[in-house]
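Student: I would like to learn how to read a protein model that is new to me. Could we go through it feature by feature?

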Amino acid sequence: MKQTMLFFLLLATSFGCSSDGNANPDIVEFLAELLAIDDDVVAQFDVQRDAVAAGTERNINWDGAAVTVLTLGATADFPSTLFRDGAGNRQIMVGGATGEASAVSEDSFATLPDGSPNPSAGGGFGPLTGTVNFAVLGKDNVTVSFTTIDTAEAGLVNGFGVIFSDVEAAGKSGLRFYDREGRLLRDVRAVPGASGAHQFVGAVFQNAVVATVRIDMGDNRNFGTGVENPAGGGDDFVVVDDFRFFLAQDAVAPTAFVAPIASLADDVFVRFDRRRLPLAQGRERNINWDGGAVTALTLGATTDFPPALFLNGAGLRQINIGDAGQGVVVSEDSFATLPDASANPSAGQGFGNVSPTVNFSVIGGNRVTVRFFLADQVTPALVHGFGAIFTDVELAQKSGLRFFDANDNLLLDVRAAAGASGASQFVGGVLGQAVVARVEIDFGDNGTFGTATENPGAGIDQVVVDDFRFFQSDIGQ
Ligand SMILES: [Ca+2]
Ligand SMILES: [Ca+2]
Ligand SMILES: [Ca+2]
Ligand SMILES: [Ca+2]
């Protein structure tokens, strides 16, 4: 009876108490938010789970042979794709972002993955069930995502829950649920308790709308290097045990990202990366055009851009930007000049950049083709998506990105929005699988760029772009 009352109390207060709450009310009906410190809550989660998607439940208790062959009684690095590519085909990816060190432990994190002692050993990091549990080290959170049955295609699920252990500080640990556009659906915080105490935190949604879940684990950026001291106002280290979730039935639809931006900290980049990180598995790549490989060409002015610069050098990003004769150019003077050093008749019309000091455009044509390659820099490859900052789009429909598969089928067409002269926006797309063979960037009426003055009122809109965000591919065509 106590548990029933707690459940309804929390359900009632969950609406309107969250500062960033439900950002997507049109597609989500929140069904249950369960917080408790006794075992009964897990059974309640299962009741809710069975009610919305009978027969599709999945669990990870970390104690099976696929994990213990790694831990061998101690602590070991955890490969993010273990439960996606094998181990019961649970279709879940745990982590994957660059520099994300996740670990599984069979000695309650008394040791670290390198075999050395954990300075916080004995701080209450034991599992609730079995012998093995999980944590992220060197980072405060880990992102979980889902794939459909027998594929690596990103999937949507109805919910997720996890057992937290040793949460001693308020507000730092819990689960954040995000939709396919990276928008926050729900933030459920763990409650602080005694050292070593366990609790279950989860949420179930009426529809399969959850694309990623971020598990926040206290101050784990210092786990393994510092000593836990939550009572003294210091770090609270947190580990987790059993996961309870759903098998993804629905694939994530191709997702467009379009939003005005003023800086690289803006929400649309965060949302794009929220989708990109688990799919990229550490292979997310950016081009900001400002490195020495480009500025050695621009020298403060505007110059032709060799399309293979980032293919055969400059960080080996495995991307080719532009085809022969497409007239691709880079500029360090906001296109005040042209590659031949003459003045641009459209100088001063809003062709600046968001991240200094160089940006990119095309002269004598409206379109640039971007292609992707394997690490050999020769074999054409497939990626999950792409994004770029557009600047000075003043007319609708003419500028944007078109994504094509290896058979020249159009997968996704994302148009930039018309805005003020000089305004910037991010335009991107992410697909559920690595199926994008090329991206075409449409630059308004750039067939006139460099020869005629921009005049949106007369139907002539010239456009430039800045930072690219994409995936370094390991999937050949
Ligand atoms: Ca503790
Ligand atoms: Ca703790
Ligand atoms: Ca303009
Ligand atoms: Ca323009």
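Tutor: We will begin with the whole chain, then turn to a sheet, and end with a single residue.

Tutor: Please keep in mind that this is a predicted model.

Student: How many helices and strands does the secondary structure of the protein come to?

Tutor: The count comes to seven helices and 30 strands, and of the 477 residues in the protein, 49% are buried. Among the contacts with a separation of 6 or more, 78% are between residues 24 or more positions apart.

Student: What is the order of the strands in the open sheet of five strands?

Tutor: In general, the strands of a sheet pair through backbone hydrogen bonds, and the pairing is either parallel or antiparallel. Here the order is β19-β22-β28-β25-β26, and the pairing is antiparallel. The edge strands, each of which pairs on one side only, are β19 (319-321) and β26 (410-415). On average, neighbouring strands of this sheet are turned by 15 degrees against each other, direction ignored.

Student: Over how many bridges do β25 and β26 pair?

Tutor: Strand β25, which covers residues 400-404, pairs with β26 over five bridges in the antiparallel sense, and Arg 402 stands opposite Asp 413 in β26.

Student: Why does Glu 181 count as partly exposed?

Tutor: A residue is buried if 20 or more other C-beta atoms lie within 10 Å of its own, and exposed if 12 or fewer do. Glu 181 counts as partly exposed because it has 18 C-beta neighbours inside 10 Å.

Student: Where does Glu 181 lie, and with which residues is Glu 181 in contact, leaving aside its neighbours within four places in sequence?

Tutor: Glu 181 lies in the loop between β10 (174-178) and β11 (184-189), and, with those sequence neighbours left aside, Glu 181 is in contact with Thr 255 and Arg 271. Phe 272 is 91 residues apart from Glu 181 in sequence, while their C-alpha atoms are 7.3 Å apart in space.

Technical notes: Residues are numbered from 1 along each chain as its sequence is written. Chains are lettered from A and ligands numbered from 1 in the order in which they are written. This is a predicted model: local features need pLDDT of at least 70, side-chain atom pairs count only at pLDDT 80 or more; totals for chains, interfaces and linings use all residues. Two strands pair if DSSP finds at least two bridges between them. Helices (H or I, at least four residues) and strands (E, at least two) are DSSP runs, numbered from the N terminus. Axes are lines fitted to C-alpha atoms, for helices over the stretch in contact, and angles run from 0 to 180 degrees between N-to-C directions. Two residues are in contact if their C-beta atoms, placed from the backbone, lie within 7 Å.
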